[in-house]
Amino acid sequence: MVSARPLQVAVLGCGVVGSQVVRLMTTHADDLAARIGAPLRLAGVAVRRPDKLREGIDPTLVTTDAAGLVTRGDIDVVVELIGGIEPARTLINAALESGASVVTANKALLAEEGPTLYAAAEKHGADLYYEAAVAGAIPLLRPLRESLAGDKVNRVLGIVNGTTNFILDRMESTGAGYGEALREATALGYAEADPTADVEGFDAAAKAAILAGIAFHTRVRLEEVHREGITEITAADIACARDMGRTVKLLAICERAADGRSVTARVHPAMIPRSHPLASVREAYNAVFVEAEAAGRLMFYGPGAGGVPTASAVLGDLVAASRNKRSGSQGPGESAYARLRVSPMGEVVTRYHISLDVVDKPGVLAQCATVFADHGVSIDSVRQSGKDGEASLVVVTHRAPDAALAATVGALRRLDTVHGVASIMRVEGE
Ligand code: HSE
């Protein structure tokens, strides 16, 4: 039995994750107290709809006054699980100003306001923890920030959005189009009623900004992350990838340039070989590779969303913040000392898969090849199949600056002999 002063915990938001955090705080109370050295006491749960029945939660602890709860003066840790920018930003700032530590899963807010929140935490001697903001239950930020603190991370690459991975996986395994796969994801609860944040890549871009910031000790703003979603992916793209022994995944890629002076962060669909470990990440799972100079290649895999798994990451942070409160110490703050340049997408060196519908007559292949050569893009492979005066030309390039590859596609589109560009996608992992 732990008899130290209980630590007062305020939970903001009691949805899919918040309700599980409260449940686990109760069912694991003795273990958590033993690990922290003091019991956790639920001081209040701020909700939008107080009339909703919440099993296992003392109704006297439920309030709609989130601001009053975080500023009442005796709160040790605020767990913010509302999401979005406001009112989360105001509440987190108020909590930090009151000296409370904050645990949050709010990737959008961290990607936009991370430095400001860190500064407020530092000023008031509080902690800011957010393991659950990236890849749900998967321990990823703490390994990057703490376990790899003595190493040099050169690359972080992975699948950090479960909804889009589910949709692409369904398109791949059933041959469904994007719309049909999205409807299935919505029916099964993987996609929200408004799926924009997931399918347009905003969620993954926020996660990429957070990952790049921690990995490279450099501030990476959300608008510096190149972002493309999956809404334009067609069943034909997936079939084309399959024909070439590849599959399509929405990847978040954060890289340090070869000269070490700049970094990039991007989110876009990419073809990867079917033999690549990320190709076997199915349904709504997440997986992230971290490449570090000394450690080599590490892979992190697991559930990237869902109430119970995400609550696990939140509770881990809650234990860390509570221990620090007890000992009067502080967890790691922002580390942005490297101040590396964040390069735009045009400078990223990548490979393209381009599938063209062309006229099948002498000289067309040479004409297309000239366009690649004119832009300094080297061709890796060409495959042509023709029928009735039309041909399908599939070109995979060697690595070249993205701007040169995009200009090549633009010039190809302008050729009279090119009737259409059936599919363009970056190729990774080869
Ligand atoms: N909507 C996210 C996903 C989970 O589908 O992975 C929360 O970031």
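1. Let's start with Ser 423, which you'll find in strand 18, the run covering residues 418–427. Keep in mind as you look around that this is a predicted model.

2. Is Ser 423 buried or exposed? Its relative accessible area is 4%, and the cut-off for buried is under 20%, so Ser 423 counts as buried.

3. What does Ser 423 touch, once its neighbours within four places in sequence are left aside? The contacts are Asp 237, Met 271, His 353, Ile 354 and Ser 355. With Asp 237 there is also a polar contact between the side chains, at 2.8 Å.

4. Next up is Ala 206, sitting in helix 10 (residues 202–216). Ala 206 is buried too, with 3% relative accessibility. Again skipping neighbours within four places in sequence, Ala 206 is in contact with Lys 107, Ala 108, Ala 111 and Leu 222. Have a look at Val 134 as well: 72 residues separate it from Ala 206 in sequence, yet the C-alpha to C-alpha distance is 8.7 Å.

5. Now for the helix pair. Helix 1 (residues 18–27) packs against helix 12 (residues 307–327) at about 60 degrees, and their axes are 8 Å apart. That angle is why the two helices are called oblique to each other. The crossing of helix 1 past helix 12 is right-handed.

6. Which residues make this helix contact? Helix 1 brings Gln 20, Val 21, Arg 23, Leu 24 and Met 25, while helix 12 brings Gly 307, Val 308, Ala 311, Val 314, Leu 315 and Leu 318. Sorted by class, that gives eight nonpolar residues, two polar and one charged.

Technical notes: Residues numbered from 1 in each chain as written. Predicted model: local features only at pLDDT ≥ 70, side-chain atom pairs only at ≥ 80, totals over all residues. Heavy atoms only, no water. Axes fitted to C-alpha atoms, helices over the stretch in contact; angles between N-to-C directions. Helix = DSSP H or I, 4+ residues; strand = E, 2+ residues; numbered from the N terminus. Parallel < 35°, antiparallel > 145°, perpendicular 65-115°, else oblique. Left-handed = near helix turned anticlockwise from the far one by under 90°. Contact = heavy atoms within 4.5 Å. Nonpolar A, V, L, I, M, F, W, Y, C, P; charged D, E, K, R; others polar. Buried < 20%, exposed > 50% of the residue type's maximum accessible area, 1.4 Å probe, protein only. Polar contact = N/O pair within 3.5 Å; in protein donor to acceptor, adjacent residues only side chain to side chain.
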